[in-house]
Amino acid sequence: MIEMLFQFEWMRNALLAGVMIGLISPLVGVYLVVRRMSLIADALSHVTLSGVAAGLLLQKDFAWAGWLNPIYLGMVFSVIGSVFVEQLRRLYRTFQEIAIPIILSGGVGLGVVLISAANGFNVDIAGYLFGSILAVGRQELLLMAVVSGIVLLFLLIFYKELFALSFDEEHAFLTGIPRRLLNFLFIVVVALVIAASIRVVGILLVSALMTIPVAASLQFTNSFRQTCIWSVIFAQIAVLCGLFAAYYLNWASGGTIVLVSIVIFLLILLIKKSLFLFRRRKIG
Amino acid sequence: MRENVVEIKNLHYSYEEQAVLDGIDLTVKQGEFLGIVGPNGSGKSTLVKCILGLLKPQAGEVLLFGQPVRTLGERSRIGYVSQKSNSFNSGFPATVREVVASGLYGSLGLFRRMKKQDWEKVEEVIDQVGLSAFRDQNIGKLSGGQQQRAFIARALVSDPRLLVLDEPTVGIDAKSTAQFYDLLAVLHREEGLTLLMVTHDLSVLSSHVDRVACLNKRLTFHGRPDEFERKQTEILSATYGHEIQLVSHGH
Ligand SMILES: Nc1ncnc2c1ncn2[C@@H]1O[C@H](COP(=O)(O)OP(=O)(O)OP(=O)(O)O)[C@@H](O)[C@H]1O
Ligand SMILES: [Mg+2]
């Protein structure tokens with residue numbers, strides 16, 4: 001029955017997109033979570049929204065922009081936003097989360113203005129807000145593949161430096177790790193991941209795949225390596241189960257994927273709690 | 001003549017308007033164990049951060065191994081355990097082994113991976129600080145004193161020639177403190193490591209260090225421990241102020 005699905009190109013595309021995003025989102029997410037920056041993903045996704053809106057506006061008003069996928073502009077905006085985030089974070093070292101409301105509201109504000117300037121769009125902007133993985137085309141798939149390649153390479157090459165920076169930024173700097181450069185590259189990579197994953201889960205849910213699988217693994221892992229591995233496993237389960245469930249139940253795919261990851265998270269909590277109770281009873 | 005590992009010349013530092021360090025001159029020779037004491041807020045941690053190049057002084061100069069600290073290339077020659085090491089995010093998913101290994105990452109350099117002998121070195125320092133049983137334990141689930149030892153291991157793993165410790169024994173029980181000083185003594189005597197330690201524990205001065213520096217915005221004393229013992233009352237009142245009556249530890 002499942003083999004049947006692979007006959008459709010759109011289903012193959014959706015699966016490929018899901019697997020790629022389910023790999024890079026949690027990997028980047030681990031660093032965001034342990035550095036207490038998870039909300040920054042949300043801020044950047046809203047900046048991406050304004051980029052997408054700008055792209056749609058261009059498409060509407062200028063014929064030559066027809067070929068330009070709004071996601072590209074979304075990506076450009078997201079990267080620019082990430083540079084701002086890093087600047088703000090440096091300016092307010094002791095309360096870095098101040099960057100979040102500033103960037104987030106700025107992104108939404110600009111997005112809303114652009115949408116209103118276009119008197120609303122014919123294109124369904126909901127596809128960007130909530131994801132439309134079943135409509136992922138060849139071009140977008142290619143974009144995701146390129147972004148995934150870049151992200152994986154970055155994380156692989158700088159695994160040890162990123163770990164040291166996340167654990168203790170001052171000490172990492174002291175041992176000669178180029179703090180500024182890596183922080184900058186990292187936030188740009190986050191921006192790329194967000195723009196690439198918008199099609200899968202949507203702007204409003206982008207941070208979910210970055211944080212919920214990580215939150216689930218943090219319940220039981222000891223080491224950083226384990227946390228990375230389990231986060232990817234949970235994200236893959238969420239994406240695959242979510243996709244099939246969405247297809248058979250005719251639910252929104254982005255929402256379903258997020259709900260599945262929350263179910264995984266709750267299951268882990270439950271298992272942990274019952275193991276704890278079980279052990280206590282054995283001792284008591 | 002032994003090499004000057006740390007050389008501080010006429011150092012001034014102030015946060016915004018408040019002057020914290022005012023004309024410090026201090027030299028630490030190779031193989032020396034310097035203890036720095038002084039009341040809370042006297043600028044000890046600030047001095048340490050200036051020495052390490054974490055803070056940029058408004059005036060004066062800091063030389064490490066004869067080079068200005070800000071241009072010092074070989075960062076691995078310095079090990080540092082900061083006063084607030086223990087204030088890391090205690091939910092952080094990392095084992096003792098991972099944390100200790102991170103002390104090597106800077107000196108390994110970009111694009112290089114940990115090799116077999118690097119991991120062996122990690123195991124060796126974990127044994128040295130007595131955490132063998134906890135190497136795969138999550139760092140947040142250790143006791144405060146055990147965490148402190150892990151941070152000392154992280155500082156030692158890159159084979160530093162200068163070890164800087166800012167109140168390393170705060171929150172550590174008496175037995176572990178004694179073990180810790182024994183470890184420092186081994187590193188100091190047998191491996192010739194240069195040590196710089198900020199402490200509030202005056203009793204350790206007579207028994208372990210070669211030089212004492214008393215700090216309160218300026219250096220109020222710098223000399224041998226026996227000299228310090230002899231003139232203790234004057235030095236302490238100059239450092240800590242006249243009103244405070246200090247209970248003298250030790251002998
Ligand atoms: N980041 C900062 N910004 C502004 N002032 C600071 C900062 N850090 C320290 N100070 C001030 O500098 C002075 C010296 O601080 P420092 O931390 O060097 O003291 P210390 O000798 O290490 O004290 P303690 O024994 O409590 O560790 C204090 O009066 C403090 O108020
Ligand atoms: Mg201090």
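How many residue pairs are in polar contact between chain A and chain B? The count is ten, with both residues at pLDDT 80 or more; a polar contact is a pair of N or O atoms within 3.5 Å, where within protein one must be able to donate a hydrogen and the other to accept it, and residues adjacent in sequence count only if both atoms are side-chain atoms.

A word on the model before we go on. This is a predicted model, in which local features need pLDDT of at least 70, side-chain atom pairs count only at pLDDT 80 or more, and totals for chains, interfaces and linings use all residues. Residues are numbered from 1 along each chain as its sequence is written, chains are lettered from A in the order in which they are written, and side-chain values use heavy atoms, leaving out hydrogens and water.

**Where the chains meet**

Chain A brings 27 residues to the contact and chain B brings 32 residues, contact meaning heavy atoms within 4.5 Å. Together the two chains bury about 2600 Å², 65% of it on carbon and sulfur atoms; buried area is the accessible area (1.4 Å probe) that two parts lose on being put together, summed over both. K160(A), F167(A) and L174(A) supply 30% of the area that chain A buries against chain B, more than any other three residues.

The rule finds one salt bridge across this interface, meaning a side-chain nitrogen of Lys or Arg within 4 Å of a carboxyl oxygen of Asp or Glu. Two pairs with their distances are set side by side here.

| Pair | Kind | Distance |
|---|---|---|
| D168(A) and R154(B) | salt bridge | 3.0 Å, closest N and O atoms |
| Y31(A) and F186(A) | aromatic pair, edge-to-face | 6.0 Å, centre to centre |

**Aromatic rings**

Over all chains, the structure holds 23 aromatic pairs. Rings of Phe, Tyr and Trp (its six-membered ring) pair if their centres lie within 6.5 Å; planes under 30 degrees apart count as stacked, over 60 as edge-to-face and the rest as tilted. For Y31(A) and F186(A), the angle between the planes is 70 degrees. Both Y31(A) and F186(A) are buried, that is, under 20% relative accessible area (1.4 Å probe, protein chains only). They also belong to one aromatic cluster, whose members include F167(A), F88(B) and F151(B).

**A covered helix in chain B**

Helix α1 of chain B spans residues 44-52, and eight of its nine residues are buried. Helices here are DSSP runs (H or I, at least four residues), numbered from the N terminus. Among the buried ones are K44(B), L47(B) and C50(B). G53(B) follows α1(B), with a positive phi near 85 degrees.

Technical notes. Buried < 20%, exposed > 50% of the residue type's maximum accessible area, 1.4 Å probe, protein only. Helix = DSSP H or I, 4+ residues; strand = E, 2+ residues; numbered from the N terminus.
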